[in-house]
Amino acid sequence: MTGTLPLDGMRVLELSSFVATPLGGMTLAQLGADVIRVDQVGGGPDIDRWPLAASGRSLYWAGLNKGKRSVTADLRSPEGREVVAALAAEIGIVLTNAPPRRGLTYEELKAARPDLIHVQLQGTRDGGNAVDYTVNAATGFPAITGPSGRDEPVNHALPAWDVACGLYMAIGLLAAERHRLRTGEGQSLRIALQDVALATAGNLGYLAEAQLGGSRPRLGNHLFGDFGRDFATADGRVMVAVLTARHWRDLVEATGLGEVGAALERALGADFRRAGDRYTYREALGGVLAPWFASRTCEQVGDGLKGTSVLWSRYRGFAEVAAALHDEPLMDELDQPGIGPHLAPGSPLRLGDTSLPPAPAPTLGEHTHEVLRDVLNLPHESIQALRHTGAITTP
């Protein structure tokens, strides 16, 4: 794309693994920041994480590191850590979830760069270990996920807390950078994965509901507090959600069930313009609506609901989604080294009418030489000496 991106001129040093921190760094890179990712020589724990391409390369790693530069250093050696500390001092912004290492703690890095911005992801607020799956288990969501009548917890497949935490990290870093521009002061920001999950549960009212004596049941695919559920069609399944009186009115009109709905209201003493009544009598309403969906294909359902405010979608699997990616403006062709050409997402953010296309993820250590040369101004001989000792690797 042409023009200046919002974060052009910003440089960030990233030491990361798993989902949240790499996602935070990639979000900044997609907005124009020069994000330099540091990995242990040979790669960190995500270098071969599934899913894999036929070549054995990690699609996971490539997907979360698009548009970054890659440096490899031996973080177990003093010489390797000295290189990374020098980069942190020169760059002045660090995004990490790496455990503290001698020479790379916030206090040590700040001593070399007093206005350092340091954003640290933690598992728990006290520094304990946690990942999305354990945090999710600890915050109550598996107890309300899954079909009604089930006693065992049900995890969901999306690492929602990792995603939210990665975006919090990017926002926190930008806030700290703005503070530094205004005051000249650096900052240490710590973000705990468990706090993000707990805050979200509180912000959505789930925790207040429980404190006040409420007990949220498992609902399967029903929507809590209003009318929403899945319906079988003649050739598949759709999800329908009603969130306003207008949505309900349009659904009733589109399905031709106005008289039946009105009779049901009279029989039950209900008013289906109210969300609470739609939720309370969801089974009865679903029973009335189910035959309309069952007698139609998904395409016919779409035709019947076209032009209405009704919220609905056909259920699709990943294979079907992938087969239709050519029609998605978010996606663009990306030739990823070691993986090959495929459609990949750019940034969901659009700058006016301008989309931000994807850039390839680096190969491991691809930019070690150029970063040490251009960022640290190390001469070729010094870089070769570091390579000879194993403190760094270059392709």
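This is a predicted model: local features need pLDDT of at least 70, side-chain atom pairs count only at pLDDT 80 or more; totals for chains, interfaces and linings use all residues.
1. Three helices, α9 (245-255), α10 (258-268) and α12 (282-294), each supply at least two of the lining residues. The most comes from α12, with three residues. By class, the lining has seven nonpolar residues, one polar and no charged ones.

2. Now the second largest cavity. D132, Y133, N136, N155, H156 and L158 line this space. By class, that lining has two nonpolar, three polar and one charged residues.

3. Next, find S309. It sits in the loop between α13 (298-305) and β9 (311-314). Is S309 buried or exposed? S309 has a relative accessible area of 14%, so it is buried, given that buried means under 20%. Leaving out residues up to four places away in sequence, S309 touches R246, H247 and D250. With D250 there is also a polar contact, side chain to side chain, at 2.8 Å.

4. Finish with G352. This residue lies in the loop between β12 (347-351) and β13 (354-356). Its relative accessibility is 64%, so G352 counts as exposed; the cut-off for exposed is over 50%. G352 and A85 are 267 residues apart along the chain, and their C-alpha atoms are separated by 38 Å.

Note on methods. Residues are numbered from 1 along each chain as its sequence is written. Side-chain values use heavy atoms; hydrogens and water are left out. Helices (H or I, at least four residues) and strands (E, at least two) are DSSP runs, numbered from the N terminus. Buried means under 20% relative accessible area, exposed over 50%, partly exposed in between (1.4 Å probe, protein chains only). A polar contact is a pair of N or O atoms within 3.5 Å; within protein, one must be able to donate a hydrogen and the other to accept it, and residues adjacent in sequence count only if both atoms are side-chain atoms. Contact means heavy atoms within 4.5 Å. Ala, Val, Leu, Ile, Met, Phe, Trp, Tyr, Cys and Pro count as nonpolar, Asp, Glu, Lys and Arg as charged, and the others, Gly among them, as polar. On a 1 Å grid over the protein atoms alone, a cavity is a set of points where a 1.4 Å probe fits but cannot get out, and a pocket is an open set with protein on both sides within 12 Å along at least five of seven lines; lining residues have an atom within 4 Å of a point.
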